[in-house]
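This report describes the packing of one protein chain. The sequence and the model come before the text.

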Amino acid sequence: DIVDGGYEIAIPLEYAEKYVKIKTLEDIVVPFRINPVQRIYKDLKERVPKPKATGKRILVLKARRMGITTYEQAESYAMCRTRRNTKCMTIAQTQPDTQTIFEMVLRMHQDDPNYARLDKDRKDALAYKVLRSEFKIGTAGGVAVARGSQLSRVHGSEVAFWDISSRDTDNLTVALCEAAQKGEVVYESTANGVGGEFHERWQ
């Protein structure tokens with residue numbers, strides 16, 4: 001049965017495929033269905049071992065328009081709708097990208113047929129009152145974005161293009177991993193040439 005917020009009714013991705021809607025490149029709102037690339041991505045992620053000391057750490061070098069960012073948002077959204085006390089965070093490279101991703105997540109909430117009360121009207125997060133779960137979207141700009149957070153899941157979007165110094169990028173990626181000490185951390189990006197923190201991590 002659906003409890004307010006959908007508490008523990010499903011595996012998150014099963015919930016996403018049943019209830020999440022997304023907007024296509026043609027501006028048509030359709031149900032979220034895992035595409036062939038996302039299916040390969042999901043299978044590869046599931047094969048990543050979880051170390052005893054930390055949660056999963058995943059680095060993704062991707063092509064554009066394959067749906068990796070959409071997949072990550074759907075998974076984080078569904079986690080916050082099906083689990084209590086869950087804190088997910090996505091960090092994008094610029095403020096416009098942050099707004100675009102937040103609008104994607106807000107649409108998932110608004111089109112979800114299962115009612116869930118939001119704790120407050122926020123411009124950067126969905127906070128579910130009964131579940132005490134939160135999905136926050138932020139912009140790369142230093143370690144402050146992760147300070148004081150205890151996160152279940154982190155997604156860093158287009159990390160190679162974060163408009164901060166390599167040193168600050170390294171500090172932020174480390175801080176996010178510390179905030180999600182036992183959770184899953186995914187850093188993904190399309191290629192941005194040789195050099196920089198993401199390239200060094202990939203090498």
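## Basis

The model is predicted: local features need pLDDT of at least 70, side-chain atom pairs count only at pLDDT 80 or more, and totals for chains, interfaces and linings use all residues. Residues are numbered from 1 along each chain as its sequence is written, and side-chain values use heavy atoms, with hydrogens and water left out.

Helices (DSSP H or I, at least four residues) and strands (DSSP E, at least two) are numbered from the N terminus. Buried stands for under 20% relative accessible area, exposed for over 50% and partly exposed for values in between, with a 1.4 Å probe and protein chains only. Contact requires heavy atoms within 4.5 Å.

## Nonpolar cores

A nonpolar core is a set of buried Ala, Val, Leu, Ile, Met, Phe, Trp, Tyr and Cys residues joined through side-chain atoms within 4.5 Å. The largest one contains 32 residues, and those with the most contacts inside it are Val20, Phe32, Tyr77, Val105, Met108, Tyr128 and Phe135. At least two residues of this core come from each of α1 (12–19), β3 (57–61), α3 (68–82), β4 (87–92), α4 (95–111), β5 (125–128) and β6 (133–139). Helix α3 gives the largest share, seven residues. Another core, of 16 residues, lies apart from this one and has Ala140, Leu172, Cys177 and Phe198 among its members.

Beyond its neighbours within four places in sequence, Val20 is in contact with Tyr15, Val30, Pro31, Phe32, Tyr77 and Met108.

In α3, 15 of 15 residues are buried. The end C-alpha atoms of α3 are 21 Å apart, which agrees with the 21 Å that its 15 residues should span at 1.5 Å a residue; the expected span is 1.5 Å times one less than the number of residues. Ser76 lies in α3 and counts as buried because its relative accessibility is 1%. Not counting residues up to four places away in sequence, Ser76 touches Cys88, Phe135 and Arg153.

Helix α4 has 17 residues and reaches 24 Å from its first C-alpha to its last, close to the 24 Å expected at 1.5 Å a residue. Its buried residues are Thr98, Ile101, Phe102, Met104, Val105, Arg107, Met108 and His109. The elements that cover them include β1 (21–23), β2 (29–31), α3, β4, β5 and β6.

Axes are lines fitted to C-alpha atoms, for helices over the stretch in contact, and angles run from 0 to 180 degrees between N-to-C directions. Angles under 35 degrees count as roughly parallel, over 145 as roughly antiparallel, 65 to 115 as roughly perpendicular and the rest as oblique. A crossing is right-handed if the near helix is turned clockwise from the far one by less than a right angle, and left-handed if anticlockwise.

The axes of α2 (residues 36–47) and α3 come within 10 Å and cross at roughly 60 degrees, so α2 is oblique to α3. This crossing is right-handed. Val37, Gln38, Tyr41, Lys42 and Lys45 of α2 meet Ile68, Thr70, Tyr71, Glu72 and Glu75 of α3.

For α3 and α4, the axes come within 10 Å and cross at roughly 45 degrees, which makes α3 oblique to α4. The crossing of α3 and α4 is right-handed. On the α3 side, Thr69, Thr70, Gln73, Ala74, Tyr77 and Arg81 meet Ile101, Met104, Val105, Met108 and His109 of α4. Helices α1 and α3 pack at about 105 degrees with axes 8 Å apart, and α1 is therefore roughly perpendicular to α3.

## Single residues

Lys136 belongs to strand β6 and is partly exposed, with a relative accessible area of 24%. Leaving aside neighbours within four places in sequence, Lys136 is in contact with Cys88, Met89, Thr90, Arg122, Asp124 and Ala125.

Most residues other than glycine have a negative phi. Asp27, in the loop between β1 and β2, has a positive phi of about 65 degrees and is exposed at 55% relative accessible area. Glu158 has a positive phi near 50 degrees. Glu158 is in the loop between β7 (153–156) and α5 (166–179) and is buried, with a relative accessible area of 8%.
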